[in-house]
Amino acid sequence: MYDLVIRSARIVTPDGVVMGDLAVNKEKIAAIGQGLGPGEHEVDATGRIVFPGIIDAHVHFNLPVKNIMSADDVESGTRSAAFGGVTTVIDFTQQNRGESLKTAFERRVKTIDSKSYVDVALHSNITSISDAIIAEIPELVKLGTPSFKVFTAYRDAGMHLNDPELLRVADAVGRANGLLMVHAENGDAADFITERCDRAGQTKPTQHGVSRPDLLEAEAIYRIATLANIADCPLYVVHVSSDRGMQVIRNFRNEGWTIHAETCPHYLLLDESSYEGEEGTYFITTPPLRTREDCTRLTAAVAEGEIQVVATDHCPFTRKQMDEVGGKFNKALNGLPGVETLFPLMFSHLVALADGGLTPRSNASLILLARVLAENPAKLFGLAPAKGALREGADADFIVFDPNPIRHVNAMDLHGNADWNPYAGSEVRGELRTVYLRGQRIIENGQLYGKPGIGQFVPGKMTADS
Ligand code: URP
Ligand code: ZN
Ligand code: ZN
């Protein structure tokens with residue numbers, strides 16, 4: 001007798017889409033196949049899709065931006081994640097200047113305990129180095145953060161590392177079998193253009209893109225990829241926003257370099273015209289939204305498997321917070337909400353709309369979607385095989401999804417702390433029916449069943465598959 005059997009669904013596994021049943025015992029997937037059973041609890045999922053629990057590999061809870069805390073903390077951010085079918089989020093440690101990476105890690109882990117509605121993993125942010133900090137990197141890998149994030153921008157916020165520092169980090173991360181993650185923009189050039197705009201009184205939100213052109217992203221990717229290659233360290237470029245940046249990645253990859261790419265829903269769906277509207281400043285995120293052509297080309301890069309991960313860079317602010325800093329692009333609080341709309345938007349964009357409805361040939365799109373939203377991030381950040389795919393022995397993290405309803409995004413229907421959403425009014429296909437975290441129902445038909453603390457810190461552990 002299984003604990004739970006989900007019956008007669010379209011189950012998205014890494015090896016194909018199975019029409020059949022999924023059985024759960026304790027916290028794990030016990031079997032996937034036809035005619036399984038019986039189960040202590042049985043759910044008829046005819047006409048529904050069973051999809052792996054989503055992993056949002058890039059979220060910021062309580063991130064100070066220009067000294068203002070982003071609106072979601074671990075509790076509200078993971079609640080919002082749960083409602084969106086995201087069963088694991090990967091947040092970042094926050095290293096104070098000169099602080100030990102281990103101290104920053106331990107402080108962050110404490111915020112997860114007893115607060116979280118979904119599982120949480122961590123990347124280590126490195127914003128300043130010393131011999132002692134570099135020497136800690138192997139220990140951080142052992143503690144469960146095998147991925148290390150650096151910035152080539154945000155000098156004013158004390159986050160920027162220069163080339164010699166980047167080389168030292170890359171060298172240490174490579175030796176420790178870790179993964180180097182980079183926010184790649186030439187921040188000094190962006191600061192220079194920003195000041196020039198400010199002096200000229202050009203401070204409308206449309207100037208955000210002018211101050212951070214795609215060339216700055218492409219240049220920074222070229223430079224950090226070169227440094228990572230010299231240091232023999234695998235590289236993951238977060239929030240790739242432009243075709244120009246993607247071309248650099250493609251060229252290096254064609255030469256055999258290990259370089260992974262992440263993009264975000266906003267770079268696939270929204271373009272620079274958002275900055276022209278009345279709420280233009282609210283759309284400010286870094287890197288900026290680009291042209292419609294960039295959206296199209298990045299979408300093609302996802303479809304071709306050139307972009308490994310779609311994650312959200314979730315970093316929301318409330319209207320009040322955004323209004324208080326005013327409408328100038330260089331004072332705006334950069335960051336967008338995203339975690340709760342990740343799956344619905346991407347199902348609509350990459351499956352339902354791309355295929356003109358859910359057809360038998362949509363199985364390939366469903367597998368692609370599962371790859372970029374679950375399987376690839378799990379592998380890259382050392383969460384596989386427990387997370388990221390529906391297979392026997394894996395954690396029973398999955399969603400039961402009805403692909404038929406048509407809805408529209410409404411900020412007030414979402415469950416984070418933001419009262420504004422960049423996708424408000426957008427049509428989305430399908431509706432989540434149930435979300436399971438390690439076999440426990442946390443969401444059903446819009447009701448929250450999980451309790452804060454049901455989520456756990458999940459350490460990443462690099463394997464040969466990572
Ligand atoms: O503007 C953004 N993306 N804010 C969050 C911090 C970052 O750069 O990822
Ligand atoms: Zn960033
Ligand atoms: Zn970010």
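**Strands and ligand site**

Modeller: F401 stands opposite L432 in strand 17. This is a predicted model: local features need pLDDT of at least 70, side-chain atom pairs count only at pLDDT 80 or more, and totals for chains, interfaces and linings use all residues. Residues are numbered from 1 along each chain as its sequence is written, chains are lettered from A and ligands numbered from 1 in the order written, and side-chain values use heavy atoms, without hydrogens and water.

Biologist: Over how many bridges do strand 16 and strand 17 pair?

Modeller: Strands are DSSP E runs of at least two residues, numbered from the N terminus. Two of them pair if DSSP finds at least two bridges between them. Strand 17 covers residues 427-437, and its antiparallel pairing with strand 16 counts bridges numbering eight.

Biologist: In strand 16, which residue is the bridge partner of V50?

Modeller: Strand 5 (residues 49-52) and strand 16 (residues 398-408) run antiparallel, joined by four bridges. Within strand 16, V50 has as its bridge partner V400.

Biologist: How far is a nitrogen atom of ligand 1 from an N or O atom in the side chain of D313?

Modeller: A polar contact here is a pair of N or O atoms within 3.5 Å. A polar backbone atom of T286 is 2.8 Å from a ligand 1 oxygen. For the ligand 1 nitrogen and the D313 side chain, the distance is 2.7 Å.

Biologist: What share of the accessible area of ligand 1 does the protein cover?

Modeller: Accessible areas come from the Shrake-Rupley method with a 1.4 Å probe. On its own, ligand 1 has 270 Å², and the protein covers 98%.

Notes:
A polar contact is a pair of N or O atoms within 3.5 Å; within protein, one must be able to donate a hydrogen and the other to accept it, and residues adjacent in sequence count only if both atoms are side-chain atoms.
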